[in-house]
Amino acid sequence: TGIMRGNFRATRIEVTGGRRSIYCAYNCVVEDSWVHLQGGDPGGDAHFSGVRMEQNGTFRHNTLVCEAARGSGTGCSAALTGYGDFAPVQNNLIENNRFVGSLGGGATMCAYGGSSGADGGKPYGDQARDIRSINNVFTRGTTGKCGNLGAVAHFDPTRPGNAWTGNTWDDGTTSTFTLIGEDG
């Protein structure tokens with residue numbers, strides 16, 4: 001991981017390499033930055049992401065890409081991931097970012113919205129809340145969907161404080177998300 005844990009501010013930086021370029025476990029601000037070109041895994045068991053969010057993160061005005069070298073058993077999950085593996089995904093602002101789709105590593109999605117595993121598949125998946133996705137732009141890329149399967153998965157608009165507002169595709173049309181349990 002290029003930058004990880006908490007209590008940091010990353011402004012106007014370029015982050016490349018690693019399984020995840022940035023891991024914000026708690027209290028992070030990432031602004032005006034470019035996250036891309038994650039590493040490769042010749043062994044074939046890694047899953048990559050651009051930024052992983054957990055709690056109290058602000059991600060504003062960044063260009064986010066997941067483009068790790070793919071091999072058998074490996075791949076890019078998304079440019080932004082919020083999974084309830086180690087802690088609840090809560091109180092995150094994702095605002096005015098550009099999510100670039102379908103480059104090099106062919107990410108599964110452009111983002112995971114915090115409620116992954118809400119069906120009991122992850123210990124904290126059902127505790128996502130206060131995730132605000134505002135005025136982001138998703139590029140369709142070669143798949144026409146941003147990621148291989150879609151733009152955003154597992155964003156649950158019914159969770160307390162969650163908001164999906166003003167998000168668009170790069171052509172200006174409204175961008176949507178995939179609800180829990182739906183396939184891309």
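Tutor: We will take the core, the ring pairs and the cavities in turn.

Tutor: This is a predicted model, in which local features need pLDDT of at least 70, side-chain atom pairs count only at pLDDT 80 or more, and totals for chains, interfaces and linings use all residues. Residues are numbered from 1 along each chain as its sequence is written, and side-chain values use heavy atoms, with hydrogens and water left out.

Student: Which residues have the most contacts inside the largest nonpolar core?

Tutor: A nonpolar core is a set of buried Ala, Val, Leu, Ile, Met, Phe, Trp, Tyr and Cys residues joined through side-chain atoms within 4.5 Å. Buried means under 20% relative accessible area, exposed over 50%, and partly exposed in between, with a 1.4 Å probe and protein chains only. The largest such core has 27 residues, and those with the most contacts inside it are Phe99 and Phe138.

Student: Which strand gives the largest share of this core?

Tutor: Strands (E, at least two residues) are DSSP runs, numbered from the N terminus. Among the elements that give two or more residues to the core are strand 1 (3-11), strand 3 (20-31) and strand 5 (47-60). The largest share, four residues, comes from strand 3.

Student: Are the rings of Phe99 and Phe138 stacked or tilted?

Tutor: Rings of Phe, Tyr and Trp (its six-membered ring) pair if their centres lie within 6.5 Å; planes under 30 degrees apart count as stacked, over 60 as edge-to-face and the rest as tilted. Both Phe99 and Phe138 are buried. Their ring centres are 4.8 Å apart and their planes are at 10°, so the pair is stacked.

Student: How far apart in sequence are the parts that this pair, Phe99 and Phe138, ties together?

Tutor: Phe99 lies in strand 9 (residues 98-100). Phe138 lies in strand 12 (residues 137-138), so the pair ties together parts whose separation in sequence is 39 residues.

Student: What is the volume of the largest cavity?

Tutor: On a 1 Å grid over the protein atoms alone, a cavity is a set of points where a 1.4 Å probe fits but cannot get out; lining residues have an atom within 4 Å of a point. Grid points are joined across faces, edges and corners, and a volume is the space filled by probe spheres set on the points. The whole structure has two cavities of 30 Å³ or more. The largest has a volume of about 80 Å³.

Student: Which residues lie nearest the centre of the largest cavity?

Tutor: The lining of this cavity has 13 residues. Those nearest its centre are Ile94, Ala111, Ser133, Val152 and Trp164.

Key. On a 1 Å grid over the protein atoms alone, a cavity is a set of points where a 1.4 Å probe fits but cannot get out, and a pocket is an open set with protein on both sides within 12 Å along at least five of seven lines; lining residues have an atom within 4 Å of a point.
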